[in-house]
Amino acid sequence: MRQLGEAQLEDIALGAGVLGAGGGGDPYIGKLLAREAIRANGSISVVELDEVDDDALVIPTAMMGAPTVMVEKLPSGDEVVRAFEQLQYHLGRRAACTMSIEIGGLNSVIPLCLAARLSLPVVDADLMGRAFPELQMCIPGLYGIGTSPMAIADDKGNSSIIDGVDNLWTERLARSHTIDMGCAALVALYPMTGAQLRDCTVPGSLQTAERLGRLIRETRVRHDDPIDAIEMALGGRRLFAGKVLDVNRRTERGFARAEVVLDGLGDDVGAQLRLHTQNEHLVAQRGDEVLASVPDLIIVLDSESGQPITTEELRYGFRVTVLVAPCDPRWRTDAGLELVGPRYFGYDFDYRAAAAG
Amino acid sequence: MIEASIRIGIDVGGTNTDAVLMDGDTVLAEVKRPTTADVTSGIVSGLGALLEATGVRPAEIAAVMIGTTHFTNAVVEARRLLPVAIVRLGLPATAALPPLTDWPARLREAVGGQVFMCHGGHEFDGRPISPLDRDELRRVGAEIAARGLRTLAVSSVFSPVNDEFEREAAQIICEEAPGLAVSLSAEVGRLGLLERENATIINAGLAELAVQITGAFRDALATSGISSPVYLSQNDGTLMSAEYVERYPVATFASGPTNSMRGAAMLSGESDCAVVDIGGTTADIGILSQGFPREAKTIIEIAGVRTNFRMPDVLALGIGGGSHVTPGGDPLVGPESVGYALTERGLVFGGDTLTASDLAVAAGRALIGDPALVAGLSRELVDAALASIERRIAEAVDRMKVSAQPLPVVVVGGGSVLLGDSLTGASRLVRPEHFAVANAIGASIAQVGGEVDHMVSVGPGLSREHALERAREQACERAVDAGAARDSVRVVDVEELALAYVPGNAVRIKVKAIGELAIRRRVGAATG
């Protein structure tokens, strides 16, 4: 067990931006929420997977909805506690820990708010190893573990239990609840035992995020190249360095999609890279050749500062470096690709591993 | 509207007050005076010199435009700020992060009068989060009155979409606490509650200073016999009336770099260009598109407080006339600088420090100080260091550009002698005259704007085209409200952003309209 305080929180939020692969929402609001909770209640205990008892109940927590709404309608702070307690009540059991479902972006730090408020340990693991847009896109699903029963709560005091027949139904029902609740809700979901956790989560995600954040911060101070450091830390590979030439945004089937064209600089002068995004970066393409695709992480960084750039921030003129980093190996199985591979997102090609993993 | 072309542009900086008398695009006279503690006498002295130099009579002046850093400086120094009654409407939402979260302690103490979290606010689709509680607001008003607070900041969740709660709450509170200065967040900022609220609180803290400073401007004009209207420049390069500034002084923040860029562009006759302003310590680089600076897209911190103002996108490089030069195979220029001590410490002035200006003199690009004092510098060093400066500035300009097309580059500022006659990636290099008063000239360019930034749900009830049309009309109407001549208003920027995870095809629409200032020639000028 180790303690997590304000300093580590800063690094985690920065590193989580990298792991968001363009999506997952800006962790700023989540970081403030967790920081205020730590200031009021003291530091948070973090436990490793092997420190959780086999039969202990663990309830992950997350924010669901639009990050753009959450920066305007800030949470009351009670939502996450209410969702968590409702699910405990429904299950008739107390949970020993909480954890993140999604280490990329905002949801890396949401469970920390709950952990500080309830003096509850948080497990150093997550269910994706990155960010994805829908609830069923979690590794436990590959092991037959359900999203539900789940609890959802809003700022006004409403809450609800959802018990879907499968994970797609749960996502669908939770999505319509979220909309009614004002497009920002807090959820408690994927209840699991300690034994289940060890098999079907991505271990050490908080440490990964913290290490990435610390690397960026320290290499900046030393005037070294933070991008090299990120590439090494994630076992990734540089795909392209260039300047944003064009960002074409459109709404398609209810999703905000964009196609980004980068014009090469340095070694890539004369070449162009196309990024296809839907919340996260999904595909990187040079001419007709697909260089990388989901579920691998396509990460866009400011070429100078190494700061991760979200899909919504991308604008003409940005100088960026694109990295690809390997996803959790379970996403590369047939079942994993069915859930989050390029075909699920509407692309007519099969996934090919782009980076050593 | 008429051809009343004689205007005065004034830039009131922390150190100097610059003023220009303009006839159309022509500079008739320029003056530089030290800024005085009372503000007024420095301006009066500048105005007197302008009128005397040109023989223009006060009655001939159609308008006076002022750019000022007063309000920014007051916030940076946390001085002359009022304690603010801060009211947020949104409970039970937003309780986790009350107003002033993440503020530096010094500024929080300066403006943090009292925080009131109240019911109200809207959802993204316009439903109320909770109804306005009038009794609650009356109690808040009574407490504000009892505490003797004189200025009020009101923010409400999603007020850029619907500002009715902010207006109603302010009215109820003012009935209990008459005479309060009121700042509404919907008038100040965009979506992003904390950042918009921060800007609103800063604005409220400036309420009395705003009245004093605009009063000082009016006094200075009256003393000089000028009775034409006064406008102030805002950070996007458009003008606002002095009355508007009294209520919304934050709109002047960062108008300095904007005016400098617009002034440089006007002097050079370029409207789409890069502007490089090289001072003693830094080179500031910005991009003008259709005569207006490109906006920074990121969150802007002011004195350590996050805000989401419109701000010009400026890249600062540590290269200026006073930059230290460290000889070597690849000579290093900056970021350390002797700053305004250049005339004591630079080699050409008999000092002991090799500066970038010494290089310019040795290369024959500038004639300042005594060139004999740098005659002994190695030619290789001078060439290599100047080449390094040019390369870094060219790279920075390229970084700021939005396309690979070569762009005209306008160079201004005392350090502009560091550059030669051309620059890689520039279609041409322009060095306009009068660049020392580019700020004041930029202030005198008479355009006013209106902006809309809100979220709408498009669907059966409201088509996308209709929503866009309505936003365009609103932006134009706001430009007219701000003083634009109706027939000159045009929409210059439309941005439509679909929001991730928001249903019902919610889109964020941003529209900006610009028009010519409606200056009416006064009787005195017409008959005089």
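Hello everyone. Let me open with the interface: chain B and chain A bury about 3,600 Å² between them, and carbon and sulfur atoms give 59% of that area. Please keep in mind that this is a predicted model. In terms of residues, 40 from chain B are in contact with 42 from chain A.

Now for the charged pairs. How many salt bridges are there between chain B and chain A? The count is 6. For the whole structure, a search over all chains finds 51 salt bridges. As a reminder, side chains of opposite charge can pair when their charged atoms come close.

Let me pick out Glu123(B). Its side chain meets that of Lys73(A) in a salt bridge, at 2.8 Å from N to O. Glu123(B) also forms a salt bridge with Lys156(A), where the closest N and O atoms are 2.5 Å apart. Where do those two residues sit? Lys156(A) is in the loop between strand 7 (150-153) and strand 8 (159-162) of chain A, while Glu123(B) is in the loop between strand 6 (112-119) and helix 4 (134-147) of chain B, so this pair joins two chains.

Let's move on to helix packing within chain A. Two packed helices are described by the angle between their axes and the distance between the axes. Take helix 1, residues 6-19, and helix 2, residues 28-41, of chain A: their axes come within 10 Å and cross at roughly 170°. With angles over 145 degrees counted as roughly antiparallel, that makes helix 1 of chain A roughly antiparallel to helix 2 of chain A. Which residues make the contact? From helix 1 of chain A we have Glu6(A), Leu9(A), Glu10(A) and Ala13(A), and from helix 2 of chain A there are Lys31(A), Ala34(A), Arg35(A), Ile38(A) and Arg39(A). Sorted by class, this contact of helix 1 with helix 2 of chain A has 4 nonpolar, no polar and 5 charged residues.

Further along chain A, please look at helix 8, residues 205-222, and helix 9, residues 226-234. The axes of these two helices of chain A come within 9 Å, with a crossing of roughly 155°. Helix 8 and helix 9 of chain A are therefore roughly antiparallel to each other. What is the hand of the crossing, left or right? Helix 8 of chain A passes helix 9 of chain A in a right-handed crossing. On the helix 8 side of chain A, the contact is made by Thr208(A), Arg211(A), Leu212(A), Leu215(A), Ile216(A) and Thr219(A). Helix 9 of chain A brings Pro226(A), Ala229(A), Ile230(A), Ala233(A) and Leu234(A). By class, the contact of helix 8 with helix 9 of chain A has 8 nonpolar, 2 polar and 1 charged residues.

To finish, some backbone details in chain B. Most residues other than glycine have a negative phi, and most peptide bonds are trans. The peptide bond from Leu91(B) to Pro92(B) is cis, with omega near 5°, and Pro92(B) lies in the loop between strand 5 (84-91) and helix 3 (105-111) of chain B. That loop between strand 5 and helix 3 of chain B is also the place of Leu100(B), which is not a glycine but has a positive phi of about 75°.

Another cis peptide bond runs from Gly334(B) to Pro335(B), with omega near -5°; Pro335(B) is found in strand 18, residues 332-337, of chain B. Finally, Ala78(B) has a positive phi of about 50°, and its place is the loop between helix 2 (70-76) and strand 5 of chain B.

Key
Residues are numbered from 1 along each chain as its sequence is written. Chains are lettered from A and ligands numbered from 1 in the order in which they are written. This is a predicted model: local features need pLDDT of at least 70, side-chain atom pairs count only at pLDDT 80 or more; totals for chains, interfaces and linings use all residues. Side-chain values use heavy atoms; hydrogens and water are left out. Axes are lines fitted to C-alpha atoms, for helices over the stretch in contact, and angles run from 0 to 180 degrees between N-to-C directions. Helices (H or I, at least four residues) and strands (E, at least two) are DSSP runs, numbered from the N terminus. Angles under 35 degrees count as roughly parallel, over 145 as roughly antiparallel, 65 to 115 as roughly perpendicular and the rest as oblique. A crossing is left-handed if the near helix is turned anticlockwise from the far one by less than a right angle, and right-handed if clockwise. Contact means heavy atoms within 4.5 Å. Ala, Val, Leu, Ile, Met, Phe, Trp, Tyr, Cys and Pro count as nonpolar, Asp, Glu, Lys and Arg as charged, and the others, Gly among them, as polar. Buried area is the accessible area (1.4 Å probe) that two parts lose on being put together, summed over both. A salt bridge is a side-chain nitrogen of Lys or Arg within 4 Å of a carboxyl oxygen of Asp or Glu.
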